[in-house]
Amino acid sequence: MATRSVLLALVVLDLLFYIPPGRSGPNVYIQKIFASCWRLHGTCRTKCLKNEQYHIFCDTTRLCCVNPKYLPILTGK
């Protein structure tokens, strides 16, 4: 009987810690926070959209794509 209770507890814990794929439920928001860059105004992507500009690298393979209105003003030459 004790073994059955322990097994049931393990199954319940396993189901509680299961993380569904990234495109479902609240994980979309969590994924967006971790994939953001440049003060949460940019998004890490392999290629920027037409209305975005590359600003910095997120890692070795992805660019930080930011809407130009959020980019810092460049001064000097």
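**One cysteine and its surroundings**

Modeller: Start at C44. Leaving out residues up to four places away in sequence, C44 touches A35, S36, C37, C58, R62 and L63. Contact here means heavy atoms within 4.5 Å. This is a predicted model, in which local features need pLDDT of at least 70 and side-chain atom pairs count only at pLDDT 80 or more, while totals for chains, interfaces and linings use all residues. Residues are numbered from 1 along each chain as its sequence is written, and side-chain values use heavy atoms, with hydrogens and water left out.

C44 also belongs to the largest nonpolar core, along with C37, C64, V66 and L71. That makes five residues in all. A nonpolar core is a set of buried Ala, Val, Leu, Ile, Met, Phe, Trp, Tyr and Cys residues, joined through side-chain atoms within 4.5 Å. Buried means under 20% relative accessible area, exposed means over 50%, and partly exposed lies in between (1.4 Å probe, protein chains only). Of the 77 residues of the protein, 17% are buried.

Now one of the contacts of C44: C58. C58 sits in the loop between strand 3 and strand 4. At 26% relative accessibility, C58 is partly exposed. Neighbours within four places aside, C58 is in contact with C37, C44, L63 and C64. C37 and C58 are 21 residues apart along the chain. Their C-alpha atoms are separated by 7.1 Å.

The protein has two helices and four strands. Along the sequence the pattern reads α-α-β-β-β-β. Helices (H or I, at least four residues) and strands (E, at least two) are DSSP runs, numbered from the N terminus. The four strands form an open, antiparallel sheet in the order 1-2-4-3. Strand 1 (36–37) and strand 3 (53–57) are the edge strands, each pairing on one side only. Two strands pair if DSSP finds at least two bridges between them. In general, strands of a sheet pair through backbone hydrogen bonds, either parallel or antiparallel.

Take the pairings in turn. Strand 1 meets strand 2 in the antiparallel sense over two bridges. Here C37 has G42 as its bridge partner in strand 2. The hairpin of these strands has four residues between them, and W38 there takes a positive phi near 45°. Strand 2 (residues 42–45) runs antiparallel to strand 4 (residues 63–66), joined by four bridges. R45 is partnered by L63 in strand 4. Strand 3 and strand 4 are also antiparallel, with four bridges. In this pairing I56 stands opposite C64. A hairpin of five residues joins strand 3 to strand 4.

Is E52 buried or exposed? E52 is buried, because its relative accessible area is 16%. Its side chain makes a polar contact of 3.3 Å with the side chain of R45. A polar contact is a pair of N or O atoms within 3.5 Å; within protein, one must be able to donate a hydrogen and the other to accept it, and residues adjacent in sequence count only if both atoms are side-chain atoms. Beyond four places in sequence, E52 is in contact with R45, C65, V66, N67 and P68.

Then the rings. The structure holds one aromatic pair. Y54 and F57 form this tilted pair, 5.4 Å centre to centre with 55° between the planes. Rings of Phe, Tyr and Trp (its six-membered ring) pair if their centres lie within 6.5 Å; planes under 30 degrees apart count as stacked, over 60 as edge-to-face and the rest as tilted. Y54 is partly exposed at 44% relative accessibility. F57 is exposed, with a relative accessible area of 53%.

Last, the record. An unreviewed UniProt entry annotates residues 36–65 as "domain: Beta-defensin". UniProt positions follow the numbering used here, feature names are shortened, and annotations may be inferred rather than shown by experiment. Over residues 36–65 the chain is 0% helix and 47% strand. The end C-alpha atoms of that stretch are 9 Å apart.
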